[in-house]
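Take a walk through this model, one stop at a time. Keep the viewer open and follow along.

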Amino acid sequence: MQIYNRDSIDVAVVGAGHAGIEAALAAARLGLDTVLFTINLDAVGNMPCNPSIGGTGKGHLVYEIDALGGEMGRAADRVTLQSRTLNLGKGAAVHSKRVQADRAAYRALMKRTLENTPHLRLVQAEIVDIETTSDGETTTAGGRKRVCAVVTAFGARYECRAAIISTGTFLRGKIIVGETEYSSGPDGMLPAASLTESLRREGISLMRFKTGTPARVHRDSIDFTKLEIQPGEDFAEPFSADTDPDIYSSRPSLPCYIVYTNARTHEIIRRNLSRSPLYSGRIEGIGPRYCPSIEDKVMRFADKERHQLFVEPMGLDTEEMYIQGFSSSLPEEVQVEMLRSLDGFEHAEIMRTAYAIEYDCVDPTQLLATLEFKSIAGLYGAGQFNGSSGYEEAAAQGLVAGINAALKIQGHEPMVLTRQSSYIGTLIDDLVTKGTNEPYRIMTSRSEYRLLLRQDNAAARLTPIGRRVGLIDDARWQRFCRDEEAVKAEIKRIESTTLPPSEELSELLKQYGSTPVTTGIRLSELLRRPELDYDKLAPADNTRVSLPRRLIHRVETEIKYAGYIKRQLADAARFERLESRALPHPFDYSVIKGLRIEAMQKLNKLQPLSLGQASRISGVSPADISVLLIWFSR
């Protein structure tokens with residue numbers, strides 16, 4: 001291949017999925033000359049699996065992306081088909097927004113956004129090589145190497161100051177359906193076949209993961225009278241602070257449906273297990289634990305008589321319906337038989353066959369918390385390339401990588417989000433510190449600070465950071481400051497307002513099964529009662545002001561959980577002392593006497609940036625942390 005010098009740019013982003021989109025937009029919006037490369041321009045922002053945004057833990061990520069100035073929340077709001085808040089029966093910490101999205105509209109909207117962003121070019125080309133030079137920064141490997149160019153399959157060489165790899169499931173992608181397998185990206189697109197060898201040449205360690213997707217079924221072939229209907233919320237708050245909540249809540253909402261597998265479905269699966277590439281050994285990649293195929297669920301949970309499936313629309317302008325929970329890599333004829341065993345699917349017509357896809361990804365412990373490679377300055381990884389799973393996890397990493405690439409080029413300090421600041425910080429810290437042996441999925445249970453990291457306070461936690469790096473404009477910042485003042489004022493009013501005893505108050509409390517009062521009582525004390533809430537107390541609260549519902553929810557949560565929040569803040573402050581103790585980087589830990597051999601080896605390999613990060617490395621004990629404290633205090 002004849003290579004020619006095409007251009008000199010600041011940032012090259014490889015892959016235009018959810019990670020690449022956020023990375024490219026962040027870098028360009030911060031003023032860097034950015035090129036976003038994609039194998040297929042028609043697949044920008046594609047949703048090859050479920051056409052939804054958010055969900056348990058994932059909804060938190062979308063709110064945080066928006067708070068930092070990212071795009072996913074804004075786009076999801078504009079293409080929402082249905083919105084629901086999950087886990088409403090539990091505490092506010094785990095309430096998670098999830099929307100069913102119009103797949104084609106989301107893709108078109110994101111492509112249009114990219115095309116109209118200054119400093120950003122969108123180019124259809126496969127990147128086949130990453131070039132590095134030896135005159136870069138000192139690295140943990142002791143060498144001096146930095147990224148200097150990317151090369152396309154057509155021989156075009158783009159000199160660059162930073163490159164972000166966000167290849168999703170395209171890297172040496174292989175589709176597997178029963179006995180059939182072939183090289184491919186998702187949705188029948190071309191795979192990225194050559195970049196793997198370039199990365200290996202640079203000493204980057206790769207892994208092989210697998211994911212899958214269910215069949216798509218024609219709407220007219222489903223008998224919906226046999227399915228349970230699942231309506232959306234009557235009133236829904238948007239993801240983005242830039243979306244008008246009144247316009248958003250007035251959008252039409254499409255229903256989803258619920259169906260269940262049955263004994264016949266399970267018998268079909270068991271009878272055909274020998275033809276499943278998952279059980280025959282033909283699938284080498286490791287799949288996601290928390291989103292298994294239906295054959296895996298039937299075998300792992302043999303005592304369950306049925307499994308719940310969700311039937312969801314793919315968009316307004318298509319008849320395709322998505323069968324969430326029915327992912328499979330069984331042969332196509334078995335998939336037809338399985339589907340037609342479901343109530344209401346007796347005449348189901350498959351439009352897209354379910355498949356498994358294997359792909360290459362990086363061992364994320366090779367990355368810093370900025371998502372820059374330790375061994376190659378200016379080279380970043382983001383999304384499923386880093387071993388994660390899901391659109392939201394990808395977008396969050398892309399945003400962080402894009403911001404940090406821009407900050408590095410501009411000579412500014414990097415943006416590192418901590419575990420106590422965000423789910424994004426938790427996600428990245430888990431990946432780069434602990435690594436993963438399966439596609440990583442965020443969950444609220446992964447955070448030690450769930451009550452501090454709620455959806456309703458994402459803006460309060462992260463908008464100041466987004467403003468500092470340059471992604472929050474003046475208008476948004478002014479709205480944010482007004483909201484914060486309003487929240488503080490309302491909390492102060494509720495805490496200082498005392499209601500005198502009265503017959504009206506006693507009747508109100510009896511109405512909700514709450515103990516009547518015989519003396520004056522603070523409004524905040526009543527609000528902390530589990531059976532009462534902000535709306536129920538309205539008739540007795542004559543001095544309240546009108547606030548948007550999203551702020552009311554935050555005020556109510558802050559007051560109801562004030563004691564728990566205070567304790568968790570104290571825990572976070574104690575942890576911050578460890579997190580703030582920076583460690584030299586790079587550093588040879590073999591010179592420290594008293595460290596166990598395993599700890600020394602892990603520390604040398606992972607090169608933690610702080611004592612807090614060191615304490616979370618598997619194989620590093622509290623005793624080892626004590627040794628580090630003593631050594632570096634000296």
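A residue counts as buried when its relative accessible area is under 20%. The model here is a predicted one. Start at Asp430, which sits in helix H12, residues 423–434. Its relative accessible area is 4%, so Asp430 is buried. What does Asp430 touch, once neighbours within four places in sequence are left aside? The contacts are Arg419, Gly435, Tyr440 and Arg446.

Move on to helix H13, residues 458–469. Its twelve residues should span 16 Å at 1.5 Å a residue, and the end C-alpha atoms lie 17 Å apart, which agrees. Which residues of H13 are buried? They are Ala458, Arg461, Leu462, Thr463, Ile465, Gly466 and Val469. The cover over these buried residues includes helix H2 (58–68), helix H11 (391–409) and H14. Just past the end of H13 comes Gly470, with a positive phi of about 110 degrees.

Next, look at how helices pack. Two packed helices are described by the angle between their axes and by the distance between those axes. Take H13 with helix H14, residues 474–496. Their axes come within 11 Å and cross at roughly 150 degrees. Angles over 145 degrees count as roughly antiparallel, and H13 and H14 are therefore roughly antiparallel to each other. The crossing of H13 past H14 is left-handed. On the H13 side, the contact is made by Ala459, Ala460, Thr463, Pro464 and Arg467. On the H14 side, Asp474, Trp477, Phe480 and Glu484 take part. By type, the residues of this H13–H14 contact divide into five nonpolar, one polar and three charged.

H14 passes H17 in a right-handed crossing. From H14, the contact uses Asp483, Glu484, Ala486, Val487, Glu490, Ile491, Ile494 and Glu495. From H17 come Arg550, Leu551, Arg554, Val555, Glu558 and Ile559. The residues of this contact divide into seven nonpolar, no polar and seven charged.

Now turn to the strands and loops. Gly381 is found in strand S22. Is Gly381 buried or exposed? With 0% relative accessibility, Gly381 counts as buried. Not counting residues up to four places away in sequence, Gly381 touches Ile165, Leu367, Leu371, Phe373, Asn386 and Ala401. How far is Gly381 from Gly594? The two are 213 residues apart in sequence, and 35 Å apart in space from C-alpha to C-alpha.

Leu371 lies in the loop between strand S21 (355–362) and strand S22 (379–381). Leu371 is not a glycine, yet its phi is positive, at about 75 degrees. Its relative accessibility is 1%, so Leu371 counts as buried.

Finish at Gln607. This residue lies in the loop between helix H19 (597–606) and helix H20 (611–615). Gln607 has a positive phi of about 50 degrees, although it is not a glycine. At 3% relative accessibility, Gln607 counts as buried.

Technical notes:
Residues are numbered from 1 along each chain as its sequence is written. This is a predicted model: local features need pLDDT of at least 70, side-chain atom pairs count only at pLDDT 80 or more; totals for chains, interfaces and linings use all residues. Side-chain values use heavy atoms; hydrogens and water are left out. Helices (H or I, at least four residues) and strands (E, at least two) are DSSP runs, numbered from the N terminus. Buried means under 20% relative accessible area, exposed over 50%, partly exposed in between (1.4 Å probe, protein chains only). Axes are lines fitted to C-alpha atoms, for helices over the stretch in contact, and angles run from 0 to 180 degrees between N-to-C directions. Angles under 35 degrees count as roughly parallel, over 145 as roughly antiparallel, 65 to 115 as roughly perpendicular and the rest as oblique. A crossing is left-handed if the near helix is turned anticlockwise from the far one by less than a right angle, and right-handed if clockwise. Contact means heavy atoms within 4.5 Å. Ala, Val, Leu, Ile, Met, Phe, Trp, Tyr, Cys and Pro count as nonpolar, Asp, Glu, Lys and Arg as charged, and the others, Gly among them, as polar. The expected span of a helix is 1.5 Å times one less than its number of residues.
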